[in-house]
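Dear colleague,

I am passing on the structure below for you to look over. My notes on what was found in it follow directly after.

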Amino acid sequence: MGLLEATGNVIDKFESFVGVNLWTMIFAWVNLLILYLLFKKFLFVPIKNMIDSRQKEIDDMYENAENAQKNAKELQAQYEDKISKAEEESEQIVKSAVRRAQLKEEEILKEAGRQADRTLERAQEQIALEKKQAINDVKDQVAEVAIGIASAVIERDVSESEHKQLIDDFIGNMGN
Amino acid sequence: MEIQVTGPKVFFELPFDLPDTTIFTMKNLITQTTISLLAVTVILAILAFSLTRKITKRPGKIQVLLEKAVTMVYNLVEDTMGKHNLRFAPYIGTLFVSSIFGSIIGMTQIFRSTTADLSVTMAWALVTTGLVWVNNIKNFGFKAWLKSFTEPIFVMTPMNIVSEIASPLSLAFRHFGNVAGGGVLTTLIYSALALLSNVVLGWIPGFIGKLPIFQAGIPAILSIYFDLFSGFVQAFVFCLLTMVYIAGACPPPEELPEDRRAILEEREAKKRLKKAK
C-alpha cells in the first residue's frame, strides 16, 4: 500500500499530509502573535532591561572605584607633598630658631661683657676716688697730728691756717 | 500490516464551508495541529509568565538561565542582523522557541508536532516575507522596492518574482519536510523493525514469537535524532534564514540612500515627539 493511497483513503478523517489549511494558518498566526507579545512583555524586555541596568551599574561601580583610586592617589601625593613641605618648614624653623638663639647668646654675652667692663670701670673710678679721699683724709689727719706735735714741741700756738699750706705741700710731696 | 501516513487528524468541522481552492483548504477548524499550537502557546505563556515573576538585580538559578537564553538570542540577532536590528530579537526568540517546542511536543505522542503541518511553517514563512516586504518599503520606499525587481536588468524581473515567491515556500517546506519526514521515517522504521522481529523470532511458538524485540531502543535513538536534533536544527535554520532575509531589507542607516535616510530620520523624530507628548 503506497503512501498516496494511504492519504487518499482517510481524507474524511485526516487532512492531507502535504497541504495548507487557511484556518490552521490563521490559528498559527494568532498563536505566534500572542506568544510574541507575551514573550516581549514578560521575558525579553524586562530581562534585557535588567541585564542592561546591571551592566550599567557594574560599569558605574568600576568607574567610581577607578575615580576613587585616582582621587586617593592624588590625595596621597598631596599629603606627601605637604608632609615633605612641613618637614622642610620645621627644619627651617628650628634652624632659624637656633640662629636667633645664637645671635641672642652672642648679644647677651657681649652685653654682659660690656656691663662687666662698665662695672669694673666704675669700681676702678670709685676706688681711685676713695683712694684719693683716703689720701686726702690721711693727709689732713697727718697735718693735724703734725701741727699738734709741732705746737706741742714749740709750745706755742702755731697758727693752723698759716702752716697748713706748708704741711700740705710737704705731705703732698711725701705722698707722691 | 498497514502503515498510514496522514496529515493532522480533524477533530471538528465548522458548520459553514468556505470555498476550497487548489492551494488552500478552508473548511476544517479544529485539527491536531490546532490543539498542539494551543498547547505550545499555553505552556510557553505559563513558563514565560511564571519564570519571570521575580526578576532581581541578583539573579537566582532560573533567572541566570533565562538571562543566558535571552542574551544568546540578542547576540545571535546582533551577529546576523547588526546592532541596528536588535528590535527583532523578541520575534526571533519567540519563533525559535515556538518552533522547537512545536517539534518536540510530538514526542509526547499526545500531541502532533505543530511543525509537521505545512500550514504552520507556511504561516511563519509568510510572516517572514511580510516583514521583509514591510521593511523594504519602509526603508527604501515603495517605488524603489518595485524597481528592485527589475534589477540588475529588466529581463531578470520574472526570475526576481519567482525567487521572491520561492523563499517563503522553501522556508516552509524545509522545516515541514524535515519534521514530517522524520516522523514518516520513524513510523516506517518502527514497522520495519516489527517485521524484522517477526522474521527472526516468528518461528518460536507462543508468547516469545510475538515479542517485537527490535522495536525496543532503536526507535528511541532515531527519535532523538529526528525530533530533538532535527527539531533544533530546523528551528535554528528557520530563524537564521528569517534573520538574513529581514536584515537584507534593513541595512544599517549609513548604507541607505541619502534622501531615504532623511525621510526615516524625520519619521523617527516625529515618533519621538509623539512619545514625549
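In this predicted model, chain A has three helices and one strand as its secondary structure, where helices (H or I, at least four residues) and strands (E, at least two) are DSSP runs numbered from the N terminus. Along the sequence, these elements of chain A come in the pattern α-β-α-α. Residues are numbered from 1 along each chain as its sequence is written, while chains are lettered from A and ligands numbered from 1 in the order in which they are written. Local features need pLDDT of at least 70 and side-chain atom pairs count only at pLDDT 80 or more, whereas totals for chains, interfaces and linings use all residues.

Chain A has 176 residues, of which 10% count as buried; a residue is buried if 20 or more other C-beta atoms, placed from the backbone, lie within 10 Å of its own, exposed if 12 or fewer, and partly exposed in between.

Beyond its neighbours within four places in sequence, A28(A) is in contact (C-beta atoms, placed from the backbone, within 7 Å) with L37(B), S119(B), V120(B), A123(B) and W124(B).

How do the axes of α2(A) and α4(B) cross, and at what angle? They come within 8 Å and cross at roughly 60°, the axes being lines fitted to C-alpha atoms, for helices over the stretch in contact, with angles running from 0 to 180 degrees between N-to-C directions. These two helices, α2(A) and α4(B), are therefore oblique to each other, given that angles under 35 degrees count as roughly parallel, over 145 as roughly antiparallel, 65 to 115 as roughly perpendicular and the rest as oblique. On the α2(A) side, T24(A), M25(A), A28(A), W29(A) and L32(A) meet S119(B), V120(B), M122(B), A123(B), W124(B) and V127(B) of α4(B). This contact has nine nonpolar, two polar and no charged residues, with Ala, Val, Leu, Ile, Met, Phe, Trp, Tyr, Cys and Pro counted as nonpolar, Asp, Glu, Lys and Arg as charged, and the others, Gly among them, as polar.

Terms used:
Two residues are in contact if their C-beta atoms, placed from the backbone, lie within 7 Å.
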